[in-house]
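Keep the viewer open as you read.

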Amino acid sequence: LPSMIAKSSSGGLSRSNSFVGGSGSNNQSMHNVSVHSSQSASSGGSDMVFNTSSGIPTLSVASSELFIRLMDLRNWLRKHNESRDGEDSSEGQKGHPAAASLLAVLVQLLTISASSKTSSSSSSSGAPPVPTETASSSSATPMLSHAIRKTWAECVVLCHSLGTTTTYSATATNGLDVYKFLRTMMDLASLNPRSHKASGGTRLAALQVICEFFTNDAIAAKLAPWALEVLQICHKGLKSSGSQEPYHRALAVNAATCIVKGSRRARDNIMHNNKTADQPCTTFLCLAAMEEKALQEAVKLLKRASEDAYAEVRGNAAKFANALAPVLVHHQHSTLMAMQETQPNPNPNNTAASGGANSGGAVVSPLANLEEVFHLAMKNLDDALPGVATNWAEALARCVCAAIDCGQTLGISSIGISSNTNTNKRDVDDDGAGDNPPPTTTTSSSSGTMMSKLKSYSKSSKRSHAAVACSSLSAAIDFLIQCFIKTGGELASAGCGGSYSIAGRAPRVGYSMVLVYLLKLQQQSAISNSNASNHDFSTTNAVNSILNMVGPELDKQIKQTNKHRASMDAASTSTTSNDTSSSSSFRLSSTSSRHQSPSDAGIARLLTNRVLRRGLGEEVSEQTQQSLVKDLASVCLRAPMFSTDGGNTVNPPPSSANPPPNGNQLQVALIEISHLVSILGEASASTLDDVLPALERCICHADLGVRYEAATVYASIALTNPVQHTLILNSCIDSATTHHQKVIQLADEMAKAAPADKPIKKESTLSRFSRKRNTVPKPADTNTINSQRFLFHQFSLHGNALVIALLLHEVVNIEGGLSRNLLESVFDLAETLVQCHSNETLAKNNPGASCTCVRAGYCMISAALTIGPNAVSNHIARLFQLWHTSAQSVVNSTKHFSAPHDLICLEALIS
């Protein structure tokens, strides 16, 4: 390795051994390094140089042989570290004597990169490097290669781990000083990007070493008190790297993430070694892992990284928020004193061991930092890049879990910020950027000052309410659902407020992902079983809360949109004036009518199903899935239904504890029942006593989507329980026959009662210039009552026909098949329904009911044809006769049918 470094310093590396255009002997190793190097090139512009022969920018890489030697060294160091960990550590372990020599060789490689004459510093200004005589294509800077830089940093950390003792001492016995080396790396990382020392990937290598330092558990425990200073270096690198170095900014945020994780692991080790009975046991909190000033610096860094123009930096910022969420809460059970007793304070600038969490003496709210990250995650849920938005959704879910732990375990339910605190200073960055203006900012106008105060007050109120609302799991779910509804639909949403928010349907997708991650995290940690305070939150409560995503409030939004759209259509048809003012007013009103999209209801149902399936259904046991099916069936049992006497009233639900669900909620519940029945298989037999009565109620629902989803559940039950196939099919055939007879009976009754009806003679009229005179009150409209009586039987007939069609379609997948007598009954019923096309009495009194019967009959015939030619060969003649009769009925249309009615029947015939 030293000979390879000497060759690198003298520029003796031949092009035949380099990654670009080389033809080395070890082709596989060169291929692996090329893959790493290409990833580095795609991350930023600092790894690119010009090829002097062609003038095309190519990747600046080092020798493949140097990379192979570093890989061998890393494997050797890992082997000795593993053997060292297996030794007895009761008396302490001494460092390896070769660690210092190896570290010196590795530092020499960094020195070569820093003293390289390759003009790579010009990338910070945005201009491509200009080829010079000294920067030849054969001289490659080692630290500009991502693969070599990563391997080199791992070797440096392994040397320190192998060369130091396992006890918490300020310096090692063999002369290796971790703190001194960290200070050196911090100085290199804070260099001016335009300086000569910062060229050649030196700053990237320093940040990579910092990342690896805090990834190692033993070293991270020593360097945890340096968190504030290292975070300041990362923040400085995030601000000074320039717009053309996104990889450096992403690496700075990644280093901050490693710092937080290392501090958390150090705190966990200390808590494990100094465990006391009075310390609270929390799942999503890591109390007192970092000091208050370090948390404030972390929040500043997170705000700046979340506004970066490059998605890689914003994605790392979301991951940083994930790691930062558990350490944002302060509590009286502090472990910093235990850390101080265990190891000395090597950093004199650190205030955690000398001055406490807040050296200023001001009382800081325990949830102040959590509120900042909570609000920041909510602003970026609709980021332009889906991967970044997903990471922010997980970060917000972890913040919610931390708030739940504060409310349930620690008893913190208020985050009122005192006026004496200095938390407003976190809103203002070093360069003046921030969400709120400083409290001491003055303006020339008193009205401007008042407006700024009102704006600051409104923002702080929203932030405080967000954390207070998440004091328990059920309250957190309700809060997120309210945000899901209030954010608006695809055309009404204004976005979450982030720098790269795209609005549209993205905010609702983001909040649904937060609910999914929240339920997953709670179930994985078994919070509901371990904490007595969460026993009141059951699966039933979870289902009822999640179904509110498509509850009455969302239904009200959709209905208002449909009503407004209908009024606008009427206004557009009645507008005939060519006046300029009238046309402009109509244009304005039509623009304001675009508040909701027709797909809002479908998107909301899809997202609600995602929460139920990924958040509850996929993460629980089989027994819990069975109880979930029963809970969803109980929701369907409350479905409204027309009364059997034919009126338009609604039967009271079996349970009046909860209001009856709307059509969207019923569709979501039925879709999940179908999914759970399919994945449970034979185990779903125990839930049929609850599911089948609910399906009988939903199959007659007024909503077409509810009837279709109920029929789908019937098909799932038939597939998983073949015994139920014949029973359900017989029941639906009998029910469809009964409702068809009721329809014919109602038509005959209306025909007999029609001659007895006499027109009502008006005794007076309303003249043009006179007051309204006495008139005879109109009796109840009998046609409206009869139409409502028809509707119940039409809905039931159509629902049972859907069930029969889906069951026939699944015959080929069911063991035992279908009996010929049952198939004969299906064809008899279908023929009877199709013949309603020529029923003059039914067409005269209710042509819509006649069309419903024809379509139901052809729906069953189409499903029967999917069984196969052997099953339906005996019914071919009957089918042709039905088609001929229907075609003749369309040609010789009855006088009671209009053109749309004929087209409805013809469409059913052709399809």
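Start at helix α30, residues 820–834: its 15 residues reach 21 Å from the first C-alpha to the last, close to the 21 Å expected at 1.5 Å a residue. The expected span here is 1.5 Å times one less than the number of residues, and helices (H or I, at least four residues) and strands (E, at least two) are DSSP runs numbered from the N terminus. Buried in α30 are L822, L823, V826, F827, L829, A830, L833 and V834. Look down the axis of α30 and those buried residues fall within an arc of 160 degrees, so they line one face of the helix; the arc is that of the directions from the helix axis to the C-beta atoms. On the face turned away from the buried side of α30 you'll find the exposed residues R820 and N821. Buried means under 20% relative accessible area, exposed over 50%, and partly exposed in between, with a 1.4 Å probe and protein chains only. As background, an α-helix has 3.6 residues a turn, so residues three or four places apart point the same way.

A word on what you're looking at: this is a predicted model, where local features need pLDDT of at least 70, side-chain atom pairs count only at pLDDT 80 or more, and totals for chains, interfaces and linings use all residues. Residues are numbered from 1 along each chain as its sequence is written, and side-chain values use heavy atoms, with hydrogens and water left out.

Now jump to helix α14, residues 368–379, where 12 residues reach 17 Å from first C-alpha to last, close to the 16 Å expected at 1.5 Å a residue. Helix α14 is mostly covered, with 11 of its 12 residues buried. Among them are L370, V373, F374 and L376, but also E371, E372 and K379.

Rings of Phe, Tyr and Trp (its six-membered ring) pair if their centres lie within 6.5 Å; planes under 30 degrees apart count as stacked, over 60 as edge-to-face and the rest as tilted. That rule gives four aromatic pairs. In one of them, the rings of F181 and F213 have centres 6.1 Å apart and planes at 85 degrees, so the pair is edge-to-face. This pair links distant parts of the chain, with F181 in helix α6 (residues 178–189) and F213 in helix α7 (residues 202–215), 32 residues apart. Both F181 and F213 are buried. F374 and F479 make a tilted pair, 6.4 Å centre to centre with 50 degrees between the planes. Here too distant parts of the chain are linked: F374 is in helix α14 and F479 in helix α17 (residues 473–486), 105 residues apart. F374 and F479 are both buried.

R314 lies over the face of Y500, 4.4 Å from the ring centre, and the charged end of R508 sits over the ring of F484, 5.4 Å from its centre. To count, NZ of Lys or CZ of Arg must be within 6 Å of the ring centre and within 35 degrees of the ring normal.

What about the core? A nonpolar core is a set of buried Ala, Val, Leu, Ile, Met, Phe, Trp, Tyr and Cys residues joined through side-chain atoms within 4.5 Å. The largest has 224 residues, of which W152, L324, W392 and L518 touch the most other members. Helix α15 (residues 386–410) gives the most to this core, with 13 residues. Contact means heavy atoms within 4.5 Å, and, not counting residues up to four places away in sequence, L324 touches V260, L295, A298, L302 and V373.

Two loop residues are worth a stop. A288, in the loop between α10 (246–273) and α11 (292–306), has a positive phi of about 60 degrees although it is not a glycine. A503 sits in the loop between α17 and α18 (506–524), and its phi is near 55 degrees, again a positive value in a residue other than glycine. A288 counts as buried at 8% relative accessibility, and A503 at 18%.

Finally, zoom out. The protein has 35 helices and two strands, and 49% of its 911 residues count as buried. Among contacts between residues at least 6 apart in sequence, 79% join residues at least 24 apart.
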